[in-house]
Amino acid sequence: DIGLAYINHLVEKGEYDLAARKYQKILGKNTELWEFEVYKFKEIGQLKAISRYLPRRDPVLKPLIYEMVLHEFLESDYEGFATLIKEWPGDLYNNTIIVQAVVDHLKKDPQNRTLLRTLAELYTYDQRYGRALEIYLTLRHKDVFQLIHKHNLFSSIRDKIVLLMDFDSEKAVDMLLDNEDKISIDRVVEELENRPELQHVYLHKLFKRDHHKGQRYHEKQINLYAEYDRPNLLPFLRDSTHCPLEKALEICQQRNFVEETVYLLSRMGNSRSALKMIMEELQDVDKAIEFAKEQDDGELWEDLILYSIDKPPFITGLLNNIGTHVDPILLIHRIKEGMEIPNLRDSLVKILQDYNLQILLREGCKKILVADSLSLLKKMHRTQMKGVLVDEENICESCLSPILPSDASKSFSVVVFHCRHMFHRECLPVSNTVSSVQFCNICSAKHRGPGSAVLEMKK
């Protein structure tokens with residue numbers, strides 16, 4: 001009674017916050033007194049003052065009390081209302097009633113971000129995650145991807161893929177690709193059909209992860225790369241094994257993409273047209289030489305020389321690079337008398353240096369070859385000089401009887417080949433040639449190569 005009297009005194013003096021603070025100590029767990037005092041604060045229009053001190057656990061007041069306070073804030077203080085929704089557990093009040101109240105206020109102010117954010121939180125409390133997700137996407141809320149993963153809302157975003165991509169395309173694509181089993185590639189591509197720039201982002205990331213999964217869309221990707229991401233078009237053409245080359249060539253020629261057209265022509269076997277395009281369109285002698293080196297075709301070098309013969313800068317480039325692939329004399333003989341060629345002396349010096357280098361390399365390779373041959377010959381000789389064990393377990397490959405006679409006192413003659421096949425001399429085929437036992441007839445018949453006789457044993 002003394003405590004309540006003191007609170008009334010504070011209220012009369014207008015110290016509403018201090019009075020509300022004292023309630024926690026004075027009223028304790030008496031819910032009836034709590035509710036009575038809340039109504040007193042409502043009558044004097046000070047529900048906001050008591051809102052921070054209302055009990056939330058043990059005791060819990062009637063839902064109507066909390067709803068009354070929330071309505072008070074909703075009428076005059078959206079930020080305070082949002083704070084209470086965050087702080088108060090969702091089971092203190094009837095969620096449906098508060099949601100409807102917020103929806104009614106949004107009709108008057110549909111773009112109010114505070115109310116929209118609070119409504120999304122209320123939907124989350126009520127486990128209406130699809131509606132919450134839609135609001136978060138509209139607000140571009142940073143926790144939208146976390147909400148999807150936490151509550152497994154992939155079925156709810158099937159028709160919201162464009163919103164997700166507009167919000168954060170990188171995170172959205174990673175999430176979609178990581179959960180391909182829940183939202184198929186075909187579904188994503190279909191949803192993005194009217195947003196080709198987003199479709200390209202998705203398919204490009206898919207191609208980087210796996211060159212084969214989206215193979216049915218590779219033809220579509222040619223146009224997408226050409227329109228939105230030309231720097232990655234050539235790498236795509238190089239890496240894709242499912243891309244229709246004719247279609248790609250048509251698109252690149254229409255857009256005058258020279259480098260891509262050159263690559264496609266060479267891949268389709270039309271190297272001469274590709275080289276001609278490099279020389280006429282790009283006029284890049286270094287690229288033309290590099291292309292001719294890659295193809296390693298004598299006719300291409302001939303075409304390159306013919307095209308360059310009346311262009312001094314091209315001749316300089318050829319002289320600097322041709323020495324290791326084509327005989328430079330073929331080019332030098334065709335240079336017209338009196339033509340001025342930039343840096344001719346340096347080019348000729350480089351040709352001589354390249355020639356000397358080739359000679360040194362050939363001599364080095366020859367020395368290595370001779371040394372290896374000698375080493376292998378010595379190894380073979382050592383192997384052939386090794387002894388071969390012949391005992392009672394060995395048999396004649398012809399008659400299949402033991403190679404050594406049972407009576408050691410009898411004379412015998414045995415032939416052993418390097419292939420380790422053994423024969424009684426009398427079991428070998430009779431030949432009129434002098435070297436009748438030069439080859440093992442078993443290995444010769446099996447095309448394993450000849451075996452020379454290493455040992456002839458007689459007794």
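How many residues apart in helix H13 are Arg 187 and Glu 191? They are 4 residues apart in that helix (residues 185-191), which means that about one helical turn separates them. Helices here (H or I, at least four residues) and strands (E, at least two) are DSSP runs, numbered from the N terminus.

Before going on, a word on the model. It is predicted, so local features need pLDDT of at least 70 and side-chain atom pairs count only at pLDDT 80 or more, while totals for chains, interfaces and linings use all residues. Residues are numbered from 1 along each chain as its sequence is written, and side-chain values use heavy atoms, with hydrogens and water left out.

## Salt bridges

Side chains of opposite charge can pair when their charged atoms come close. A salt bridge is counted here when a side-chain nitrogen of Lys or Arg is within 4 Å of a carboxyl oxygen of Asp or Glu.

| Salt bridge | Closest N and O atoms |
|---|---|
| Arg 187 with Glu 191 | 3.3 Å |
| Asp 159 with Lys 160 | 3.4 Å |
| Asp 174 with Arg 209 | 3.7 Å |

Let us take the pair from the opening question. To say how open a residue is, we use its relative accessible area: buried means under 20%, exposed over 50%, and partly exposed in between (1.4 Å probe, protein chains only).

Asp 159 counts as exposed, with 53% relative accessibility, whereas Lys 160 counts as buried, with 11%.

Asp 174 and Arg 209 form a salt bridge whose closest N and O atoms are 3.7 Å apart. Asp 174 lies in helix H12 (residues 169-178) and Arg 209 in helix H14 (residues 196-209), so this pair ties together parts that are 35 residues apart in sequence. Asp 174 is partly exposed at 27% relative accessibility, and Arg 209 is partly exposed at 45%. Both belong to a network of salt bridges that also links Glu 170, Asp 178 and Lys 205.

Where do we find Glu 67? Glu 67 sits in helix H5 (residues 63-76), and its relative accessibility of 8% makes it buried. Contact means heavy atoms within 4.5 Å. Setting aside neighbours within four places in sequence, Glu 67 has contacts with Tyr 93, Asn 94, Ile 97 and Ile 98. Glu 32, which is 35 residues away from Glu 67 along the chain, has its C-alpha atom 17 Å from that of Glu 67.

Glu 260 belongs to helix H18 (residues 258-267). With a relative accessibility of 4%, Glu 260 is buried too. Again leaving aside neighbours within four places in sequence, Glu 260 is in contact with Arg 230, Leu 233, Leu 234, Leu 237 and Cys 252.

## Surface patches

Patches are made of residues with over 30% relative accessible area and no salt bridge; like charges are joined within 9 Å, and nonpolar side chains (Val, Leu, Ile, Met, Phe, Trp, Tyr) within 5 Å. Accessible areas come from the Shrake-Rupley method with a 1.4 Å probe, and for residues only the protein chains shown count as cover.

Which residues make the nonpolar surface patch of about 270 Å²? They are Ile 329, Ile 332, Leu 344 and Leu 348. Helix H23 (328-332) and helix H24 each supply at least two residues of this patch. Leu 344, found in helix H24, is partly exposed at 32% relative accessibility.

A positive patch is formed by Lys 378, Lys 379, Arg 382, Lys 386 and Arg 420. For charges, Lys and Arg count as positive and Asp and Glu as negative, while His and the chain ends are not counted. The place of a charge is taken as NZ of Lys, CZ of Arg, CG of Asp or CD of Glu.

Lys 386 is in the loop between helix H24 (344-385) and strand E1 (413-417), and its relative accessible area of 56% makes it exposed. Arg 420 lies in the loop between E1 and strand E2 (422-424) and is partly exposed at 43%.

## Positive phi angles

Arg 420 also has a phi near 75°, a positive value in a residue other than glycine. Leu 400, in the loop between H24 and E1, has a positive phi as well, near 65°. Leu 400 counts as exposed, with 58% relative accessibility.
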